[in-house]
Number of protein chains: 2
Amino acid sequence: MTTLHVDLDTRSYPIYIDNKLLKNNSLLSSHIRGKRICIVSNNIVHPLYAQKLKESLIGYDIDEIILPDGEAEKSLANFDKIMSHLLANEHGRDSTLIALGGGVIGDITGFAAACYQRGIDFIQVPTTLLSQVDSSVGGKTAINHPLGKNMVGAFYQPTAVFIDIDSLKTLPEREFNAGMAEVIKYGILGDYAFFTWLEDNIKLIKSGDQTALSKMIETCCQCKADIVAEDEKEGGIRALLNLGHTFGHAIEADQGYGKWLHGEAVATGMVLAAKLAVAMNLLEVSDLRRIESLISAFDLPLESPENMGFDEYICHMRRDKKNLAGKLRFIVPTAIGKSEIRDDVTEEILQQIL
Amino acid sequence: MTTLHVDLDTRSYPIYIDNKLLKNNSLLSSHIRGKRICIVSNNIVHPLYAQKLKESLIGYDIDEIILPDGEAEKSLANFDKIMSHLLANEHGRDSTLIALGGGVIGDITGFAAACYQRGIDFIQVPTTLLSQVDSSVGGKTAINHPLGKNMVGAFYQPTAVFIDIDSLKTLPEREFNAGMAEVIKYGILGDYAFFTWLEDNIKLIKSGDQTALSKMIETCCQCKADIVAEDEKEGGIRALLNLGHTFGHAIEADQGYGKWLHGEAVATGMVLAAKLAVAMNLLEVSDLRRIESLISAFDLPLESPENMGFDEYICHMRRDKKNLAGKLRFIVPTAIGKSEIRDDVTEEILQQIL
């Protein structure tokens with residue numbers, strides 16, 4: 001088992017990475033304060049893993065909330081549903097929520113934990129590659145609003161993250177590939193060696209090799225843990241993790257949440273960010289090609305949706321959280337393994353690439 | 001002008017207490033980061049003070065949200081309304097919310113600020129006595145749920161609190177008296193000298209004497225600031241501020257939010273807590289009588305609603321946030337100026353006093 005640490009003073013917590021992790025009873029228990037647990041999951045993940053999880057939690061009083069699957073469920077209505085369930089079942093401040101699922105479940109459960117009685121404990125048990133390498137670590141919790149993704153939320157850290165690599169065995173290929181977009185992101189934004197390792201190990205990763213997956217997830221989580229420890233609330237460096245997300249969120253919002261998977265939108269978003277960097281003479285064309293090549297190796301989209309042009313992007317991007325006081329901000333790669341935040345991107349350059 | 005400080009590291013902030021404070025342009029501006037402001041107020045307070053406030057904010061881009069008055073408005077529906085307004089008007093992370101009103105406006109605006117794009121700045125401009133001495137200080141923000149008061153919320157500190165004593169001039173007497181319940185609370189729970197000062201100055205306070213009001217509000221805010229600095233998230237001593245609130249919240253929930261004012265329910269709640277203390281041989285009957293006497297001097301209720309008995313209280317109190325793992329916890333006065341947290345209160349004793 002690998003144990004990483006997110007170092008945030010009194011709110012520090014471990015990330016455990018292993019297979020058969022859901023069967024580790026005492027490790028789970030050590031992060032639960034009270035006697036009551038509410039598991040939040042969705043109708044796809046619940047039948048696969050909830051029983052195993054509950055068998056590791058002997059002696060607790062457990063109830064469950066099962067949401068439908070999909071990004072559209074990260075809604076205020078479901079947030080209200082969780083609050084009502086917790087209150088109707090008289091959960092107190094010492095109850096623990098366990099998020100069992102992907103990014104949607106982790107985000108809404110984390111936000112529910114942040115708000116219920118002004119904050120109770122929660123544990124992340126991410127079951128998709130995307131949530132394992134990205135959303136379960138770092139305490140960004142949120143729900144969506146019809147006018148924008150993740151617009152209502154909180155910075156609220158879990159008490160532990162349990163990444164059971166076994167759960168990737170049941171993950172549909174399209175979901176796995178979407179997760180690879182966030183994996184590739186870490187290489188592009190700050191780790192050249194990892195990017196080349198990914199290029200060299202495409203087959204091994206696709207075959208589900210446990211050692212390769214474990215190393216890959218560990219590298220991503222370590223990178224994220226380091227950045228979060230340095231800049232929890234995204235005052236500076238953490239913004240780099242948004243590489244590809246300004247364009248990506250615009251795609252998701254325009255197409256309707258769930259049509260494009262988040263990772264797919266981020267993949268195209270990273271290509272657009274790289275094209276933007278090339279247009280601004282910040283990145284070599286050869287690096288753009290390597291980025292495109294690695295992304296397409298995992299069957300991820302390189303091109304914008306057909307019906308999206310400059311106007312559609314601008315309209316959505318102006319609402320993006322990352323844009324301060326009306327100025328558009330972009331994370332752009334300046335080499336493979338290097339990136340920076342720019343707020344000097346003109347509409348002319350955007351028109352050129354979109 | 002009096003300036004107090006809530007000492008919370010990077011989240012420290014000042015409390016300004018004065019008359020004519022809303023006209024102090026540069027002081028307000030010094031706490032606003034960006035160029036955009038959204039004032040949240042209600043239909044009673046807005047016509048009285050919004051214009052004055054806006055005249056102090058020259059050069060900013062200001063919009064407003066005006067909610068109906070009343071505790072029932074501290075709802076998820078209005079929270080959603082605020083989120084939608086902010087998004088539709090393209091507010092960014094550097095916008096500032098200003099809560100102009102009483103506790104309801106302060107609580108819902110604070111919670112909105114905590115959640116909008118995972119947290120933006122907000123300033124408290126409390127216009128009722130209750131919000132000036134209690135709810136505007138300390139960062140407890142929340143909305144109500146049909147199953148319980150303040151059940152959905154966050155600990156989220158304002159960037160400043162502006163207490164303009166002039167605003168009490170327009171406060172209806174019933175609201176002023178409700179605020180006095182929280183004022184008296186500080187005396188009972190930890191400040192014998194302040195309690196006797198209140199006993200000695202009933203007439204002066206009722207007459208609206210500026211010097212007396214200023215001293216009174218300052219004493220309450222200083223007490224609250226000290227407690228919050230020591231225990232922001234209510235792990236220990238901050239719970240003392242809930243004196244009278246376990247019973248009080250039960251009254252509010254049972255009667256329907258808004259029928260009893262919060263302060264009125266707290267007044268009766270404090271009498272019940274004192275009676276509980278007497279029944280447990282923790283408090284002298286003579287101290288109970290002094291507490292009752294000061295509370296009734298401000299025309300506050302001493303008796304439970306007619307239709308509420310043991311069963312009604314128990315049902316609501318079991319849902320109270322302050323009760324961990326099914327155990328009922330009470331703050332009880334052990335003398336005037338002294339209180340403690342007890343979780344050894346039996347149902348028999350409760351039956352006796354309710």
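**Sheet and helix packing in a predicted model**

Colleague: What is the strand order of the open sheet of seven strands in chain A?

Modeller: This is a predicted model. In chain A, seven strands form an open sheet with mixed pairing. The order is β1-β2-β9-β6-β5-β3-β4.

Colleague: Which are the edge strands of that sheet?

Modeller: An edge strand pairs on one side only. In chain A that applies to residues 2-6 and 61-67. The edge strands are therefore β1 and β4 of chain A.

Colleague: In which sense do β3 and β5 of chain A pair?

Modeller: Strands of a sheet can pair either parallel or antiparallel, through backbone hydrogen bonds. Strand β3 (residues 36-42) and strand β5 (residues 96-101) of chain A share five bridges, and I37(A) stands opposite T96(A) in β5(A). The sense of the pairing is parallel.

Colleague: Which strands of chain A does helix α9 touch?

Modeller: Helix α9 (residues 210-230) of chain A packs on the sheet, and its direction makes about 15° with that of β1(A). Helix α4 (residues 103-115) of chain A, by contrast, lies across β3, β5 and β6 and runs at about 170° to β5(A). The strands touched by α9 are β1, β2 and β9 of chain A.

Colleague: How are α11(B) and α12(B) oriented to each other, parallel or antiparallel?

Modeller: The axes of α11 (residues 262-279) and α12 (residues 285-297) of chain B come within 9 Å and cross at roughly 175°. Angles over 145 degrees count as roughly antiparallel. The two helices, α11(B) and α12(B), are therefore roughly antiparallel.

Colleague: How many nonpolar residues does the contact of α11(B) with α12(B) have?

Modeller: Among the residues making the contact are M270(B) of α11(B) and L288(B) of α12(B). By class, there are no polar and two charged residues in this contact. The nonpolar residues number nine.

Technical notes: Residues numbered from 1 in each chain as written. Chains lettered and ligands numbered in written order. Predicted model: local features only at pLDDT ≥ 70, side-chain atom pairs only at ≥ 80, totals over all residues. Axes fitted to C-alpha atoms, helices over the stretch in contact; angles between N-to-C directions. Helix = DSSP H or I, 4+ residues; strand = E, 2+ residues; numbered from the N terminus. Parallel < 35°, antiparallel > 145°, perpendicular 65-115°, else oblique. Contact = placed C-beta atoms within 7 Å. Nonpolar A, V, L, I, M, F, W, Y, C, P; charged D, E, K, R; others polar. Pairing = 2+ DSSP bridges.
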